[in-house]
Amino acid sequence: MWPKNPSDALSAGDSSFPPEHHQHSSSSLYSLWLQPLNHKYSPAGNQARADMNPEAQQDVSVSQGVRMMFYMMKPNETSFQTLEEVPDYVKQATPFFISLMLLELVVSWILKGKAPGRLDDALTSMSAGILSRLPSLFSRSIELTTYIYIWENYRLIILPWDSPWTWYLTFLGVDFGYYWFHRMAHEVNIMWAGHQTHHSSEDYNLSTALRQSVFQIYTSWIFYSPLALFIPPSVYAVHLQFNLLYQFWIHTEIINNLGPLELILNTPSHHRVHHGRNRYCIDKNYAGVLIIWDRIFGTFEAENEKVVYGLTHPINTFEPFMVQCHHLVYIWTTFWATPGFFNKFSVLFKGPGWSPGKPRLGLSEEIPEVTGKEVPFSSSVSHLLRIYAVVQFALMLAFYEETFADKAALSQVTLLLRVCFIILTLTSIGFLLDQRPKAAILETFRCLVFLMLCRFGHLKPFTPSLSFALEIFFSICIAFWGVRSIKQLASGPWK
C-alpha cells in the first residue's frame, strides 16, 4: 500500500458533518518514501550521522526493481551493516511507479474502455503526496531518528545484521507494527485526522497510493519503536521501505482474486474493502503485507458487494489544505463544543464516530448507507482549464524534483521560497478545479511570484534556453488571469 494518510470534513465549509467514521488505507510510510535514509550508526551504537555517502548507495537492477515492488528481495542481497549502506529503495522505485501506473492505464482502457480514475482526483492525490514530502527538505525522517535514538540508548540485545533469521524477524515485526499503527489510525480520532487524507479519494487506482498525509508520520514511529530494542537500524530501514513499496500495487481495480494468495497476503481485493465506505468495509483489513494479522485479530472482511470508495462524508473539494486539515478543524470545533474534561479527552482519543453516550467507535447504524449509484465529486471546469492545470502542475513538479536533487546546494532562503511556491501552486490548482471565487486572483498572484523568483535567481529553469519561453508564458498567464480578476472584482464572483 502506499503510503498512508487522511482528513475531511465539510463540503464547501459546512461544519455540521459528524467526524468521519474511519476510512482506512495503506497509509503512513509514503512520507518516508522519498526521504533519504540519512543516518549512520556504528556497530557499537554510539554514533549517528546525518549524511549518507552517495558512493555507498547501490543502484538496483531491473530485476531487483520489479522484485522489491512485491517484497521478493532476498536477505543476502538486502542486508547491510550500517544505515549508510542502505539504498534508498523508494527513490529508486520511481521508474517502476510510473511504469505500473502506465500499465494500469493501458489495461484499464483495454478491459473497461476507460481510464482507471479522474484527472482532478489524480492531481489531488499527487498534490497530497508532494505536500507530505516537503517537511523532509528541512528535517530528517522521524521514524529513523527516533529508532536510532532508542537503539543507541536502550537496546537490550544486538541481533546479527547479516542473519536471515534477523531479516525475516524484522519483516514480521515491521508488518505487525504497521497493522497496529494502521488500526489505531482508524480507531483514535486524533490519529484519524492524519490518516483520513489517504481515504479521501473517491477513486481507487495507483495514484490513490500517493495521497499521503503531512501529519501521519508523527505518530506512526511509535508502533515500530519496540523493534529498536534488538533489531539493528540498517535492517529496520530496509523493511520499512519494502513494506511501503509493497502497498503501492494493491491500489488497483484491474486485479481481481489471486486465489490461495488471498489467504496470506494483503491483495487488491482485500485493500479495496479497506478503502470502502460501505458499512461492511468500515474498520476492516488494516494489513500492510500479511492479511493474517486481520484474520488473527478479527478485523478481516472479504470483498463481496460493490465497494464505494472514499470518506463516509465526502469532502467534495480538490483544495490540498482542506484535504489535509478538514478533520483537524472538525476535531477543534467539537473539542470546544463538548462539555466535560473526560468527554473532551474522548473527542481526541476515542473513535471518529464517537460522541457522548455512544460506544468507543460510535454506532455502525449512523454510517450512511451506500446504494452503489453514488457519483464521485468531479470538477466541472472546461477541458482547456484542465490542460492548463496539468501544464502548471508539470512545471511545478519539475522544480520540485530539482529542489530535492539540489537541496544541499541551495540556501535556506531559496529552499523556503521554493517550498512556498510549490504550496502556492498546489493551492491555486485546487482553487481552479473547485472554481473558487478567488481562483483568478490567486492564480494571477502565483504567476507574478514565479516571475519574481526567477528574476531574483531563486527559481531557475532546468534548461537555460527555456527561461525566455517561460517568461513569455507566465506573462501571458498574468494578463489572462489579471483580466479575469478585474472583471470578477467589478461584477462579482467568477463562476
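Q: Which residues does UniProt list for "transmembrane region"?

A: The unreviewed UniProt entry lists residues 412-433 and 465-483 under that name. Keep in mind that what we're looking at is a predicted model.

Q: And what do those two spans look like here? How much of each is helix?

A: Start with residues 412-433: that span is 100% helix and 0% strand, and its end C-alpha atoms lie 32 Å apart. Residues 465-483 come out at 95% helix and 0% strand, with 29 Å between the end C-alpha atoms.

Q: Let me zoom out for a moment. What is the secondary structure of the chain?

A: There are 18 helices and 2 strands. Of the 495 residues in the chain, 55% are buried. As for contacts with a separation of 6 or more, 81% of them join residues 24 or more positions apart.

Q: How do I read a helix pair, say α15 and α16? At what angle do they cross?

A: The general idea is to look at the angle between N-to-C directions, where over 145 degrees counts as roughly antiparallel. Helix α15 (residues 383-405) and helix α16 (residues 412-434) have axes that come within 10 Å and cross at roughly 160°. The two are therefore roughly antiparallel to each other. The crossing of α15 past α16 is left-handed.

Q: Which residues make that contact of α15 with α16?

A: On the α15 side you'll find, among them, Leu385, Tyr388, Gln392, Phe393, Met396 and Tyr400, while α16 brings residues including Leu415, Arg418, Ile422, Leu426 and Ile429. By class, the contact has 12 nonpolar, 3 polar and 2 charged residues.

Q: What about α15 and α18? How do their axes cross?

A: The axes of α15 and helix α18 (residues 466-491) come within 14 Å, crossing at roughly 135°. That makes the pair oblique. Here too, α15 passes in a left-handed crossing. Leu385, Tyr388, Val391, Gln392 and Leu395 of α15 meet Leu470, Phe473, Phe474, Cys477 and Trp481 of α18. This contact has 9 nonpolar residues, 1 polar and no charged ones.

Q: Now for single residues. Is Phe404 buried or exposed?

A: Phe404 lies in helix α15, and at 13% it is buried. Leaving aside neighbours within four places in sequence, Phe404 is in contact with Arg133, Ser136 and Leu137. Ser136 is 268 residues away along the chain, yet the C-alpha atoms of Phe404 and Ser136 are separated by 9.2 Å.

Q: Where is Leu134 found, and what does it touch?

A: Leu134 sits in the loop between α5 (119-133) and α6 (142-154). With a relative accessible area of 4%, Leu134 is buried. Not counting residues up to four places away in sequence, Leu134 touches Tyr400, Val419, Ile422 and Ile423. For Ile422, 288 residues off along the chain, the C-alpha separation from Leu134 is 9.2 Å.

Q: Can we finish with a whole helix? How many residues of α11 are buried?

A: Here you apply the burial test residue by residue. In helix α11 (residues 268-275), 8 of the 8 residues pass, so the helix is largely enclosed by the rest of the structure. They include His270, His271, Arg272, His274 and His275.

Q: And what do the buried residues of α11 pack against?

A: Their partners are α7 (164-187), α8 (189-199) and α12 (292-297).

Note on methods
Residues numbered from 1 in each chain as written. Predicted model: local features only at pLDDT ≥ 70, side-chain atom pairs only at ≥ 80, totals over all residues. Heavy atoms only, no water. UniProt positions renumbered as here; feature names shortened; annotations may be inferred. Helix = DSSP H or I, 4+ residues; strand = E, 2+ residues; numbered from the N terminus. Axes fitted to C-alpha atoms, helices over the stretch in contact; angles between N-to-C directions. Parallel < 35°, antiparallel > 145°, perpendicular 65-115°, else oblique. Left-handed = near helix turned anticlockwise from the far one by under 90°. Contact = heavy atoms within 4.5 Å. Nonpolar A, V, L, I, M, F, W, Y, C, P; charged D, E, K, R; others polar. Buried < 20%, exposed > 50% of the residue type's maximum accessible area, 1.4 Å probe, protein only.
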